[in-house]
Amino acid sequence: MGFLLSQFLSGLAQASSLFLVASGLSIIFGVTRIVNFAHGSFYMIGAYVACWVALTVESAAGFWGGIAAGAVAAGALGAVMERGLLRRLYRSPELFQLLATFGVVLVVQDAVLALWGPEDLLGPRAPGLTGRVRLWGQPVPLYDLFLMALGPVVFAGLWLLFHKTRLGVLVRAATEDREMTAALGVNPSHLFTAVLFLGCLLAGLGGALQIPRGSVNLHMDMTMVVDAFVVVVVGGLGSVGGAFLAALLIGQLQAFGILIFPEITLVLVFLVMAVVLVLRPYGLLGRPPVEARGGEAGPVLRPAPPWAGWMAVGAVAALACVPLVAGDYALVVLTETLILVLFAASLHLLMGPGGMVSFGHAAWFGLGAYAAALVVRHAGLGLGAGLPAAPLLAAAGALVAGWFCVRLSGVYLAMLTLAFAQILWSVAFQWTAVTGGDNGVLGVWPSGPFAARWAYYELTLVLVVAGVVALRRVVFAPFGWALRAGRDSPLRAEALGIDVRRNQWVAFTAAGAFAGLAGGLDAFAKGSVFPTHLDIPTSVDGLVMVLLGGVQTLAGPLVGAVVFHGLETEMLRHVPYWRAVLGGIIIVLVLAFPQGIVGALTRRFGRSHES
C-alpha cells in the first residue's frame, strides 16, 4: 500500500510538471491558433538558464533566482518570437507558422549547444527541499511535494487570471471567436504578444523546475513538446482545465504504467490518446473549434503546360544518365533524394488535395521499410518479394488507422496520426525478437541485377517517377476532384452526393501505400532499418518538405524535398552549427515565400504572364 501511494505521489509530481508546460501550449493555441512546435525549446531554455544561474550563484538565492530567470527568459524570447516572426505570418496558412516554429527549434538547439556545450548539465538540489518524509513507510522527496502543490496553485492563478481580469476576459473571448474579438476593437497584436509571453513563461518555468530532478540536455525539447501536445489534445485544445485533468491522467499513467504494463510503457500514453480521440474527438473538455469567417477554398490545381511536361521528361532523362558521370557518393545522395521526393509527394496527397495534416506520416514510411526488411531477414527472400511487400503492408496499416483518423479534422486528426506513428515506433523499439529493437534490422541489401549501386539507383528512379505520375493522375481524376470538393466545402460536397469521409479514407490508404514504397526503397538503399524510420523527426521532415515547396502546388513537395535534403546534406558536411543555419534558411524562406517556393514562383510567373 505504501509503495502504491509513493507511486501515486510521484505521478502527481510528474502531472504538475506536465501541466505547467501544457497549459502554456494550450493558451497559445487557443488564442492564436498557432501550433507552436518551438514550445519544447522554451522549456529547454528555461532549464538551461536556471541551471546556469544556480551553478554560478551557489546559494538559495541563486537557485530560486535561477528558476525565476529561466521562466522570464523563456517568456521574453517567446514575445520576441511573436513580434519578430509570427506576427508576419498571421495572414499566412496556419501550417506555415508550424514550419516557422520548426525553424526556431533548429536555431535554439544550436544556440544552446554553442552557449553551454554538448555535455549534460546537472543542477543543484533545491535548497530547503533536499530531504524526504516518510508516508506509510515510504520515503517521498520534499521537492515532489512542492511540485504537487505548485500545479494546483498555478491552475488557480490561471483561473483567476482568465475569469477575474480584463486580460483574461479578452483571452477567453479570443479563444472562443478570434475574428469577433478583433471586430470589437481589441488589438490582437498586443493580446498575442502577451499570450506568447505567458505561454512561453510557463514552459520555461516547467523546464527550470526540472533541474533538481534530472540532467539538462539538448534532447529535452523534443521529448517534452510531444508530451505537452499529448496532454493538450487529450484535455481539449484551448482548455486549461482540460490540460490539468489530462496532466493528472498522463502523470498517473506514466507512474503506474511501468508497473502494470512494463512491455508497453512507451506506447501506453499514445494508446490512451488514440482512445480518447476516437471516443471524444475534441478531447476530454474540448469543444468543436469555431470555423473562421470568410474562409477561402484552396487554389484550383491545373495541369502543367506542355513545356513543363517536356522539361520534366528532360529532367528524368538527365537523371537517368547520371550514373555515366557520377560517383558512388553522388548516386547515394540522389537515391536518398528520390526516395524523399516520393515520401513528400505521398504526404502532399493528404495535405494538399485532401486537406488533412498528418504529424505521423512516418508510420507508413517506416512500416514499408520494416516490411521489406523482415521479408528479407525472416523469410529469406530478396528484393523481388521485399519491395512489393512494403506498399502492401503500409497500405494495410493506413487502411486501419485511416478509418479512425478521417473522423477527425485539423490538429486532432494530426495528433491521432502521431499517436498511430508512435504506437508503431514503440512496437518496433520494444519487439526486439522480431524487429531487433534499437539495433534494427541489418543486411537488407538489394540482390541480383540490382546489387550494383547504379542499377539500384535506376530502379529507384523508375519507381519514384511512376509513383509521382500515379499520384498526379489521382489528383486530376474524378476522385481527385471529389477529394478537393470535400476539402473546400464538406457540406456542399455531401449535398451533391459525394461521400467525403470515404474519399478521405481512400486517399489516406493510397498515401500510406506510396509512403510505404518509399520506405521499402530506403531500406534497400541503406541496407538497414531502425525505429527512427517511424519516429517523429521523420514525420517532421516530410512536413517541412511539403510546406517548404508549397502545399497548394503539385511540384511543391518535389522541389521542397530536393531543397531540404540538399541543404541538410551540405550543411551537415561543411557547417559546424548546421541546424542553426538550416533553421535560419527555413525562417527566411517562410517569410520570403509564404506560399512555398513553388507557390511563390507560380504566382510570380502568373503575374508576369498576365502583364
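The side chain of S358 reaches the backbone nitrogen of G360 at 3.2 Å, and a polar atom of that side chain also lies 3.2 Å from the backbone nitrogen of H361. (A polar contact is a pair of N or O atoms within 3.5 Å; within protein, one must be able to donate a hydrogen and the other to accept it, and residues adjacent in sequence count only if both atoms are side-chain atoms.) This is a predicted model, where local features need pLDDT of at least 70 and side-chain atom pairs count only at pLDDT 80 or more, while totals for chains, interfaces and linings use all residues. Residues are numbered from 1 along each chain as its sequence is written, and side-chain values use heavy atoms, with hydrogens and water left out.

S358 sits in the loop between α13 (328-351) and α14 (362-378); helices here are DSSP runs of H or I with at least four residues, numbered from the N terminus. S358 counts as buried because its relative accessibility is 1%, and buried means under 20% relative accessible area with a 1.4 Å probe, protein chains only. Beyond its neighbours within four places in sequence, S358 is in contact (heavy atoms within 4.5 Å) with L347, L350, T417 and L543.

How values were computed: Helix = DSSP H or I, 4+ residues; strand = E, 2+ residues; numbered from the N terminus. Buried < 20%, exposed > 50% of the residue type's maximum accessible area, 1.4 Å probe, protein only.
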